[in-house]
Amino acid sequence: IGKLAAALINPGDVVFINSGTTTAQIFPNIIGKPNITAITNNTAALTNTINTDYELVMIGGTFLPRSKAVMGLFSTDNLEQVYATKTFIGVEGISLKYGCTVSAYQEAEIIRLMIEHTQGPVIIVTDHSKWGALSNHLIAKIDQIHKLITDEGFDLDALTAMADKNVEVIITNKD
């Protein structure tokens, strides 16, 4: 999933990437792409990008060890000042009825701001187990997202339903 997401990043892109284990896999896969800026609250980026050749911008804020992320007023104040060409979002739940959800309200606030400040596509990156799951806080309705990158276990009926909502679903293979 991380490799497919990174393949969508083009030279010159400024990308938002939120916290989470799936989104953390994007960072090592963008090494070698010229003129990229990744803006994130995901502290895993710091260990995944020791030898990076792209610009990594940490938004700052209060560190939450459970989430391995920074959040809070300082984070949102900094995000208010920047815009991205693409956003990559990890979720804890996604469904047609409830949209995309996460469990922490602080993370939801950051993600909603990332989406609001994105000039191009909003891309959800998640494994198939999140389909049909519901978490506490809405971050986006299905019509706010453009692409979903997921794995081979993604439900075929869900694939059709997402296509009907004009969301491109990209499925990884095991290779």
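Which residue in S8 is the bridge partner of Ser95? The partner is Gly99. The model is predicted, so local features need pLDDT of at least 70 and side-chain atom pairs count only at pLDDT 80 or more, while totals for chains, interfaces and linings use all residues. Residues are numbered from 1 along each chain as its sequence is written, and side-chain values use heavy atoms, leaving out hydrogens and water.

**Sheet**
- S7, S8 and S10 form an open sheet in the order S7-S8-S10, with antiparallel pairing (strands are DSSP runs of E, at least two residues, and helices of H or I, at least four, numbered from the N terminus; two strands pair if DSSP finds at least two bridges between them).
- Strand S7 (93–95) and S10 each have a single partner strand, so one side of each lacks a neighbour in the sheet.
- Three bridges join S7 and S8.

**Helix H5**
- The 12 residues of H5 (residues 105–116) should span 16 Å at 1.5 Å a residue, which agrees with end C-alpha atoms 16 Å apart (the expected span is 1.5 Å times one less than the number of residues).
- Among the buried residues of H5 are Glu107, Ile110 and Met114 (buried means under 20% relative accessible area with a 1.4 Å probe, protein chains only).

**Nonpolar cores**
- The largest nonpolar core has 31 residues, and Ile94, Ile139, Ile145 and Met162 have the most contacts inside it (a core is a set of buried Ala, Val, Leu, Ile, Met, Phe, Trp, Tyr and Cys residues joined through side-chain atoms within 4.5 Å).
- H5 supplies the largest share of this core, six residues.
- A second, separate core of 17 residues includes Ile17 and Ala45.

Note on methods. Buried means under 20% relative accessible area, exposed over 50%, partly exposed in between (1.4 Å probe, protein chains only).
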